[in-house]
Amino acid sequence: MLGTILGRYRLRLESQAPVRHVRRGLTMGPSGRVAMIMEGERERRAAEHRAVAVQGSQAEPALGDVTAPPAARCPMGFS
């Protein structure tokens, strides 16, 4: 669910105040509520066109390659 939201929408923090983290068992998380503002939907057309163009290629794209299909790249845009 979280991956779908982060992949489809542009979000920003409501406040620029630093978010304090706390330890929760083996994981870490924010100490309280993290308010976000949805700025709009992400553009998906360019990624879909690149995926169609790459389907005909026999070469395996490198991870982070801008021509790689969306499934091979991080949905957040990190390499």
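A residue is called buried under 20% relative accessible area, exposed over 50% and partly exposed in between, with a 1.4 Å probe and protein chains only. The model is predicted: local features need pLDDT of at least 70, side-chain atom pairs count only at pLDDT 80 or more, and totals for chains, interfaces and linings use all residues. Residues are numbered from 1 along each chain as its sequence is written, and side-chain values use heavy atoms, with hydrogens and water left out.

**Fold**
- The protein has 2 helices and 4 strands, and their order from the N terminus is α-β-β-β-β-α.
- Helices (H or I, at least four residues) and strands (E, at least two) are DSSP runs, numbered from the N terminus.
- Of the 79 residues in the protein, 10% are buried.

**Salt bridge**
- The count comes to 1 salt bridge, defined as a side-chain nitrogen of Lys or Arg within 4 Å of a carboxyl oxygen of Asp or Glu.
- Glutamate 39 pairs with arginine 12 in a salt bridge, with 2.8 Å between the closest N and O atoms.
- Because glutamate 39 lies in strand β4 (residues 36–41) and arginine 12 in strand β1, the pair ties together parts 27 residues apart in sequence.
- Arginine 12 is partly exposed, at a relative accessible area of 38%; glutamate 39 is also partly exposed, at 44%.

**Strand β1**
- Leucine 13 belongs to strand β1 (residues 9–13).
- Leucine 13 counts as partly exposed, at 31% relative accessibility.
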